[in-house]
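Here is a briefing on pockets and helix packing. The structure comes next, then the details by topic.

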Amino acid sequence: MNLFSPYIDVLKIAPQLTLVVFILFFVIGELVFRRKIVFGWFSVAGYIIALIFLLIGHLYQNRVLFSYQIVEDKFSFFFTIFFLLAGIVISFFSFDSAEIKRDLGGEYFALIMAAILGMIYMAGAVNFLMLYLSLEMVSLSSYLLSGYTRDDKYSAEAALKYLVFGATASGIMIMGIAYLYGLTGTLNFSVIRDQLVSGIFPSFTLLTILFLIFAGFFFKMSLVPFHMWAPDVYEGAPTPVAAFLAVASKGAGFAIALRFLYTVMIQGSPLSGKLLSDIYHFIPVNNLDWPLFLGIISVLTMTVGNITALNQTSVKRLLAYSSIAHAGYMLMGFAAMNYIGFYAVLFYLVVYFLMNIGAFLFVQVVYNKIGTDSIVKYRGLGRRTPFAAVMMAIFLFSLAGIPPLGGFIGKFYLFAAVLKSKLYWLAVIGIANSVLSLYYYARIAKMMFLEDSHEKEKVPVSAAHIFLFVILGFPVVILGVYWSPVLEFVKIYSHLFLP
Amino acid sequence: MVKETMGIIELLSKVHILSVITFLPLLAAAIIIFIPGKRHEIIKTVAAVFSGLSLLLGIIVYIFFDGGSTSLQFVEKFRWIPKFHIYYYVGVDGLSISMLLLTVVISFVSVFASWGIEDRVKAYFSLLMLLETAMLGVFIALDFFLFYVFWELMLLPMYFLIGIWGGPRREYAAIKFFLYTLAGSALMLLAMIALYYAGGKTFDLVKLANDFDFSKHAPIHLFGMTLPFAQTLFLALFIGFAIKIPMFPFHTWLPDAHVEAPTAISVILAGVLLKMGTYGIFRINYTIFPHATEYFAYAIAVFGVINIVYGALVAMAQEDFKKLIAYSSISHMGIVLLGMAALNPMGMNGALLEMFNHGTITAMLFLSVGVIYDRAHHRDLYRFGGLAKQMPVYAAWTAFAFFAAMGLPGLSGFISEALSYLGALKVFPALTVIGATGIIFTAGYLLWTIQRVFLGPLNEKYATLPDINTREIFTMALPGFFALVIGWYPQLVLGKVSTYMIHLIDIVTKGAHW
């Protein structure tokens, strides 16, 4: 019974503890060190040490910790790596960001790390209490991060908006959780699941509860109708924070949604270990047509994201809407309700991580020099900073899903999942959206390469940023040509465990 | 002698000759990236050498290709993404061998046609080389996924080549081309994945064609409609290809793209890219959906005739020299559509030969427009006149190209147009008669253009224009060689392709295997 032991083996949560130690160190360290770069390197070191502990601890598999609060399985392992790598990349990202002040490094990196700690717990939560607490931990850190540049009124506005929207969404969600608790008398996923399977609850009540809980998930995933916060927050927040929210925070939202739907809601018992049956079914709730429901949310999200992105004048806002659209694409994998759909979402998250952070990085490079992200100011950047601009073009066309770039392969698997389940309508609307999206991505490329400006001054790219461009850009190209290893990886790690 | 030939073929297969031809230009692109941007001559030489090598090897493969066989030759097959049954699978048969030859010839010509590029030379030639690899890849790919990747790989270089080095409205033309083609290939992507699942999880075009009869597959439910599987997928693929041809009503991107594109890119666009549309229909639609092909044959013929007549009439109304040639391309691609819809040996061979001939002839036409545009800096047909006196050599070459395009006996256009029309006449007599009026219109606008540009009194403004130079003659002579030789000896192409094309008819009508 060691597996279910409630006593904590400290080594089991060594990665998380490492992050806690570093967060505490940052708080104290700020009394000693006054330079951002020091904390940046320390946080990189922290993430790497956590990664090492994670890889060592990975020898044990499928464990439940803290009396059924958290599970450690392949799925949570995947996301823990995802978040830790996001932490490393965002740290390098912030090194040479003009928006992150030099003398406030400690609290900035501590907040990022606290958010990542919360995300790691989100990915493993199998209890609604844990889920809610970790989600709030991420949210609170994110509110502070988006308002980080205090003297900038847009940043302050972003933080306030984010706070109001976020508090509302999590308020709605906790109401759903409370109802669910009232109904089942427990917050534990596996007990709730057992009771749901027995089908003794009034189905309409259950439907209401589900929608209330989804409000919290959708907010984190920025799905319609809970997407409104994203553009304002991304635009106002410092660029590294925007990239962080668009990738890591969204990834955490997908992690909890996937775990909840595929452990609590799934019919049959494909849970412990394998998820290989051809088509999945979720537990019937008031005759809700799950693929239709998820498909409609997906279509609405991608269409709203893409159409609104068409006319944006700020690149950051454009990327915000584009990231909403990408959440919509990824939801297609949910709607397909099959094994390919499941790992296609994970695959897409990997590619999305690379190309979206890459695109924000270019925004940062340009912002450092010209102090704006207005799309018309991107004129002629192809000549002013050729290397970074070519990388940006790769990220943009990958986001648009043009082969032979990683984004295409990601979309290919999502569409394969949808067509395997014969959801032709979803595939047709999805592909139409994909074509539409090319217009606004190509608009940025057009500004950079096809138009000239009288400004001839070079835009410098710092060493840290060149390093990031290389480690983000090359995989995007390579994944478009040879993606077997990553495909194998996401297939292995798309296994959930529920005790 | 036979034994020696076999030995050479074996050797060519062993060195993966098709991959070598295809990826040599990509290697050139990689090399060009590392050459300092100021060394224009070196960059251009590298591009010329590598596309020249591709040309040379392409001709060798063409010579040793066995035209009497219907089987795939020089086949290479490797696992690429085994977990999803994706293969790197290439090879040539009678259909693709002619297109392979056309592509290496036109690409080589376009490198020399680009010699005058002075702005961002490095980027231009690396994109041009990337484009050549993508085009060659499309014609040799036998795995649908591979085909799709090459097909889409053309978009980015083409977008930038038109968008950066094009004319005044280049941005509009480039994005229009990009969006149109992407919309078409998006449909193709869905059809490809649907076929993958319907056909027992394979992208192998040969397997899909031989092992499955999709006409009996369960129908598709879409937005409350119930659609027959084979016909729906046929249409999805067909529209994707029709945009590239471009078939009326999907043609509007072509005039814009041509007018704005630099000369060499127009040459590639009209010479090779348009052929990919009809090639795709032959390669994929005809072999995988034989029943649907017969079902839609009449519709294809109708659209072919619309293309011929509409293209020719609109061409007649043009004032812009280049736009006129662009619309003449639409008209000529209509002949291909008409011939391929006939589904008889004459029509099919005519269609494929017309694809080849149009590729070479239209290349000459665009080159000739490029020559005059480089000198006069405009293309307004009404502002020229009497140039035959000032530029006699140029006038002769242009007239040669025009006569070939017109289908003058003795030049290649005549053979393929006659074959296409005669083939179609047996099946669609009324339609073919309407379509044949296109010949008259074509003669009309081409002769009228000669009159406007070369005859009459010389415009004094152009009394100092230099005549066509050696490089320009060279670029026109290479496609011109094919236009002349095929006019007298059509077996040069037909000898390699006709066995396969007749076999393709059996695939469509008699259910034969690829």
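The largest pocket is lined by 47 residues, and A:Val390, B:Ile33, B:Ser126, B:Leu127 and B:Leu130 lie nearest its centre. The model is predicted: local features need pLDDT of at least 70, side-chain atom pairs count only at pLDDT 80 or more, and totals for chains, interfaces and linings use all residues. Residues are numbered from 1 along each chain as its sequence is written, chains are lettered from A and ligands numbered from 1 in the order in which they are written, and side-chain values use heavy atoms, with hydrogens and water left out.

**Largest pocket**

- On a 1 Å grid over the protein atoms alone, a pocket is an open set of points where a 1.4 Å probe fits, with protein on both sides within 12 Å along at least five of seven lines; lining residues have an atom within 4 Å of a point.
- The volume of the largest pocket is about 2000 Å³, counted as the space filled by probe spheres set on the points, which are joined across faces, edges and corners.
- Chain A gives two or more lining residues from each of H14 (381-384), H15 (386-400) and H18 (463-481).
- Helices are DSSP runs (H or I, at least four residues), numbered from the N terminus.
- The lining has 34 nonpolar, 7 polar and 6 charged residues. Ala, Val, Leu, Ile, Met, Phe, Trp, Tyr, Cys and Pro count as nonpolar, Asp, Glu, Lys and Arg as charged, and the others, Gly among them, as polar.

**Second largest pocket**

- This pocket holds about 530 Å³ of space.
- Its lining has 29 residues; B:Ile117, B:Pro262, B:Thr263, B:Tyr373 and B:Asp374 are the closest to its centre.
- H15(B) gives the most, with 6 residues.
- The lining splits into 13 nonpolar, 8 polar and 8 charged residues.

**Helix packing**

- H13 (290-316) and H19 (429-454) of chain B cross at roughly 20°, and their axes come within 8 Å. That makes H13(B) roughly parallel to H19(B) (angles under 35 degrees).
- Axes are lines fitted to C-alpha atoms, for helices over the stretch in contact, and angles run from 0 to 180 degrees between N-to-C directions.
- Contact (heavy atoms within 4.5 Å) involves residues including B:Val305 and B:Ile308 of H13(B) and B:Phe441 and B:Trp448 of H19(B).
- By class, the contact of H13(B) with H19(B) has 15 nonpolar, 5 polar and no charged residues.

Technical notes:
Angles under 35 degrees count as roughly parallel, over 145 as roughly antiparallel, 65 to 115 as roughly perpendicular and the rest as oblique.
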